[in-house]
Amino acid sequence: MMDGVCKSPQRLLFILVLCVGLVQSYPNGLVNEVCDSMMPKHGADAQTSSPPYTVTADKTTFKEGDQITVSLKSQMGYQWEGFMLQARPVGSSSPIGTFSVTGNNVQLLSCSGIAGRAVSHTSNAKTTSVQVTWTAPTSGQLGNIEFSVTFVKSSATFWVGVKSSAIVYNGTVTTTTVTPTVASIPGCGSTKVCFSEPNNCNPTTSTGCYFMAVQTSSDQSEMRIEMFGQADGYVAIGFSDDNIMGNDDVYICGKDNNGNLQVQHAFNSGKSSPAILSLGNVTNILTALTNGNINCSFTSRNTISTASRAASTYEYHLMIAAGSSNQGNIQFHTNKYVSSTKANLLNPSVVIISEEDFPPMVKAHGCLMLISWMATGSIGMIIARYLKGVAKGQGCFGKDFWFVAHVSLMTLSIIATAIAFIIVFVSAGDWAGGAHPVLGCLVMILSLIQPIVAAFRCEPQHERRFVFNWAHSCNAFAIKCLAVAAIFTGLALFEEHDSDGWMLKVMGGYLAWEALMYVLQDLNLRAKKKDSQFCSYEPMRTETILLFLFIIGNLAFLIALLVGIGSA
């Protein structure tokens, strides 16, 4: 085989020339076909190390029609044999503006049919510096830009996307406060992707409507984003790869130090406050603040980033959050809504709905807590307080009936509370914020303390037994109060968008009913101490009758609330 090659020097020369041509690719610098990627077709991968070259501009800000001198330089004498330079909006891959050049070693290139969009070399002669002039557009939607360069040291060694510092646009950005018609329902499902809570609510007519819309341009170079919601400080929308907050691209419409609305770009890494980023290429900002409703819309040419890097997909879970702010800094959200599926920003026809407001696990949590503190816990407490004299000397394991019933019922309450506590955290996956989870945690902690203290109580005849009795009673009272408060705040979450609020009214009725039963039991107890009868019915003691009434009433209120939670 080698003998054949050696005997054909012309063939060998042809192969060598062909290989050299393939490796060098475009020594004349006419690389228009890679305007988007700026990636040389050398059959090799770009370097990931720090480049030995820099790109700088003589200005840090610009406006329409400004000229900026751009310099490419090597460090420590490193030369390059080829390059490609463009100006791009921050976060975008589309070139903007036009260049002008002098000298024979550089030339202008056309990108997307527009002359002067890029600059490249004219030969593979090595060099260490280039200087050109870039002119900003005189009209259109402008924002911050950066200069991006591909440097080719050799056919196998090159760097792609070497960037300058961002050049801040300080021209005419439209930021206007207008009447509350920024967010709009027209176009949803046809020209823009919409997501709202409650589902399909109209931000211009509905009370308590949280709304976002994204309209992607036909060339996919920009998005018109709208957001609307009721909040004390801010409304934020996010794009996420999953339905859990973390690694999300976020836009915030919130109040600044002076109470005026501003739009901010941020990246949400998880449980901490989002990291505020440069606003980037955002223009045509409209804001409105009326009757507690925050309303913003704007055009963004920024690339959506969901994992600290630009993503190539257009499918994301959509998120809306709202809350208060302090001196322009957003606080933990009090409202959060996530789409049940990913939205394709290029396909507005797909209807996007929010996740079920209250998943089965959350409903199970609510039902268990109601059963614990409206049934088993309440009955166990009233038995211990008023029925110690019933069936005295009768019971199980040498213990009176009231004691066995009390311990059994309270044990069931603690077990149900613990299960409810665990499943809601598993379901939520994070700390929801607000008063309800705080109250729930306090109930759980005190509930666990109660049996531990009881296990180490002294004998009934001990001189310090009163200390345990008071501590046990006070802790039980605290648990009861906190549990009732937790139920009220929990029901308020279930009825957040229900103007009637009937479950809260039922809970109020239950509280009045229980207070009445305690008053009657207490009056009966005082009457017995005076050897009189509060009410008499020979076959059954008064406190037992009141207990049965208490149980029947509690169950009626409980069933009503369980039905309400099940249908929420």
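# Strands, cores and backbone of a predicted model

Reader: How many bridges join strand E14 to E15, and in which sense do they run?
Author: Strands (E, at least two residues) and helices (H or I, at least four residues) are DSSP runs, numbered from the N terminus. Two strands pair if DSSP finds at least two bridges between them. Strand E14 covers residues 210–216, and E14 and E15 are joined by six bridges, running antiparallel.

Reader: What pLDDT do side-chain atom pairs need to count?
Author: Residues are numbered from 1 along each chain as its sequence is written, and side-chain values use heavy atoms, leaving out hydrogens and water. The model is predicted: totals for chains, interfaces and linings use all residues, local features need pLDDT of at least 70, and side-chain atom pairs count only at pLDDT 80 or more.

Reader: Which residue in the hairpin of E14 and E15 takes a positive phi?
Author: Ala213 stands opposite Glu226 in E15. Six residues lie between the two strands of the hairpin. The residue there with a positive phi, near 60°, is Gln220.

Reader: Which residue of E21 is the bridge partner of Glu226?
Author: E15 also runs antiparallel to strand E21 (residues 293–300), joined to E21 by eight bridges. In E21, Glu226 has as its partner Ser297.

Reader: How many residues of strand E15 are buried?
Author: Buried means under 20% relative accessible area, exposed over 50%, and partly exposed in between (1.4 Å probe, protein chains only). Strand E15 (residues 223–230) is largely enclosed by the rest of the structure, because the buried ones number six of its eight residues.

Reader: Which residues touch the most other members of the largest nonpolar core?
Author: A nonpolar core is a set of buried Ala, Val, Leu, Ile, Met, Phe, Trp, Tyr and Cys residues joined through side-chain atoms within 4.5 Å. The largest has 30 residues, and the two that touch the most other members are Phe239 and Leu318.

Reader: How far apart are the axes of helix H4 and helix H5?
Author: Axes are lines fitted to C-alpha atoms, for helices over the stretch in contact, and angles run from 0 to 180 degrees between N-to-C directions. H4 spans residues 401–428 and H5 spans residues 435–455. They pack at an angle of about 145°, with an axis separation of 10 Å.

Reader: Which residues of H4 make the contact with H5?
Author: Contact means heavy atoms within 4.5 Å. H5 contributes Gly440, Cys441, Val443, Met444, Ser447, Leu448 and Pro451. H4 contributes Ile414, Thr417, Ala418, Phe421 and Phe425.

Reader: How many of these contact residues are nonpolar?
Author: Ala, Val, Leu, Ile, Met, Phe, Trp, Tyr, Cys and Pro count as nonpolar, Asp, Glu, Lys and Arg as charged, and the others, Gly among them, as polar. The contact of H4 with H5 has no charged residues and three polar ones. The nonpolar ones number nine.

Reader: Which peptide bond is cis?
Author: Most peptide bonds are trans. Pro198 lies in the loop between strand E13 (193–197) and E14. With omega about -5°, the cis bond joins Glu197 and Pro198.

Reader: What phi does Asn247 have?
Author: Asn247 sits in the loop between strand E16 (234–240) and strand E17 (248–255). At 38% relative accessibility, Asn247 counts as partly exposed. Although not a glycine, Asn247 has a positive phi of about 60°.

Reader: Is Asn291 buried or exposed?
Author: Asn291 lies in the loop between strand E20 (282–290) and E21. Asn291 also has a positive phi, about 50°, although not a glycine. With a relative accessible area of 74%, Asn291 is exposed.
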